[in-house]
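Good morning, and thank you for making time for this presentation. Please look at the sequence and the structure first, and I shall then go through selected sites.

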Amino acid sequence: MEIYRILHTLKWQLRLRLLVIPLLTMAACGANTESVSDNTCGAVSAGKDQARYDHYRIYNVQFDNEEQIKLFQQLEKESDSLTFIGHAREIGQKLSILVAAHRVADFADLLETYKLQHRVLTYNFQEKIDRNMREVLPEHIDASKYDWQHFFHLKTIYDWMDRMAAKYPDQLSVLNLGSSTQGNDIKGVKVGNNPANKAIFIESGIHAREWIAPATATYIINELLNSTDERVQKLAKNYNWFVFPCVNPDGYKYTFEHDRMWRKNRQLFGTCRGVDLNRNYPDHWNSTGSSSDPTRYDFAGPSAASELETQRLIEFIRGNVEKEQIKTYIALHSYSQMLMFPYGYTKEHVSNYDDLQEFGKKASAAIKAESGRDYVSGNLYETIYPSSGGSMDWAHAEAGIPIAYTFELRGPPDSQDLFILPAVEIQPTASEAFTAIRTIVEAAAEKGYYK
């Protein structure tokens, strides 16, 4: 068939290119000379070597028939030079794909040959990364300079949390889940200390490249301590809050030092690295929407809960869900502007589906009223794509936390920035996310979830 002839040709073109790649670029992983893309192992040489995405393009394609879907499913498996932001699944679906510079001509020919509707969202992705890196303040900057107009290194985030603990010793304490795969602490905070209060748990940064998530988490901490809004003060008084801004510290550091588009943790598998921690939880692990291949961006790991980062969070939740009365679990991600609840692995509805749908719609309406942004609400399987082994599903089904959501923050599904959200968007994104959380908590309280 014509599809397979083209794919076969592309495969041999890629093999010829790999013959001239030095061993130090880790050809065994299938990495190309221009970048360590999200679809490869990401094992680069030590030091400050930076993956680059010069003249990489972002295409947004639409699937109008099954032939096109099958073509792109096969293409995702065959090529390490295309970064798929999701998977080709259904007719009418729109999908963004980051295309390496040396593959632009081949990809454009494919679109024309199979008559795929498409738009080019970005012609040079490296320009967005360069801009983003200029919005990062130095790693050793004084924590008093922390704000929500810049992005910050892991060390600065931790220094800021320590500073807030010293400033508000009666309200905030710093927690440490333990060390990560590469020995970095997984730190968070507890805001509030009333033993009678129910608790809300917020996890962010599980996917390393989603910088807006840790920024939003620290914004929420700051608001709980400093807001003059009576509604926020009520939240701070009536609930205890556990907030962990970066539950994948190794990956987060790697995005600053080596590859801005890195997603997974940094566990080593021969010449490859990384497990998608949001596919590693022991709830229907690796049953759908994940991979058994360590070179893939959604690699679920060698076994359920195989990763230290996963184990640390599971141990904390299991040890505290009853003692601290944790009734709400929020996982912060980007992008696509969605408020999603369980499940991710099946179309089956959770027992409190109607309530979660109602709370989500109220939260979406609250965001719309605040910023004009449109957020879609629904269960994860039906709203974005099937996936298994996620932290939210585990928290709800295994830990028994009734109110559980995954937030996909700004930008929109067809964002020209993908995960490289400009710093000017931090404050409004974080504000609307906290508004959504407040709306969900207030609505759940009205239905008796915190009694």
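Aspartate 162 is partly exposed, with a relative accessible area of 35%. By that I mean an area between the cut-offs for buried, under 20%, and exposed, over 50%, computed with a 1.4 Å probe on protein chains only. This is a predicted model, in which local features need pLDDT of at least 70 and side-chain atom pairs count only at pLDDT 80 or more, while totals for chains, interfaces and linings use all residues. Residues are numbered from 1 along each chain as its sequence is written, and side-chain values use heavy atoms, with hydrogens and water left out.

Aspartate 162 belongs to helix α5, residues 154-167. Helices here are DSSP runs of H or I with at least four residues, strands are runs of E with at least two, and both are numbered from the N terminus. Setting aside neighbours within four places in sequence, aspartate 162 is in contact with Val174 and Lys187, where contact means heavy atoms within 4.5 Å. With lysine 187 there is a side-chain to side-chain polar contact at 3.5 Å. A polar contact is a pair of N or O atoms within 3.5 Å; within protein, one must be able to donate a hydrogen and the other to accept it, and residues adjacent in sequence count only if both atoms are side-chain atoms. The C-alpha atoms of aspartate 162 and leucine 175, which lie 13 residues apart along the chain, are separated by 10.0 Å.

Serine 204, in strand β7 (residues 198-204), is buried, at a relative accessible area of 0%. Beyond its neighbours within four places in sequence, the contacts of serine 204 include Ala213, Pro214, Phe244 and Leu332.

I turn now to helix α7, residues 230-238. Which of its residues are buried? They are Val232, Leu235 and Ala236. Seen down the axis of α7, these fall within an arc of 95 degrees, so they line one face of the helix; the arc is that of the directions from the helix axis to the C-beta atoms. Glu230, Lys234 and Lys237 are exposed on the other side of α7. The cover over the buried residues includes α6, β8 (239-244) and α13. At the N-terminal end, aspartate 229 caps α7, with a side-chain oxygen 2.8 Å from the backbone nitrogen of arginine 231.

Finally, the backbone. Most residues other than glycine have a negative phi, and most peptide bonds are trans. Histidine 55, however, has a positive phi of about 65 degrees, and its place is the loop between α1 (2-18) and β1 (57-62). Lysine 115 also has a positive phi, near 55 degrees; it is in the loop between α3 (104-113) and β4 (117-122) and is exposed at 67% relative accessibility. The peptide bond from proline 342 to tyrosine 343 is cis, with omega near 5 degrees, and tyrosine 343 lies in the loop between β12 (338-341) and α10 (353-371). A cis bond also joins arginine 410 to glycine 411, with omega near 0 degrees; glycine 411 is in the loop between β14 (403-409) and α13.

For the protein as a whole, there are 13 helices and 14 strands, and 61% of the 451 residues count as buried.
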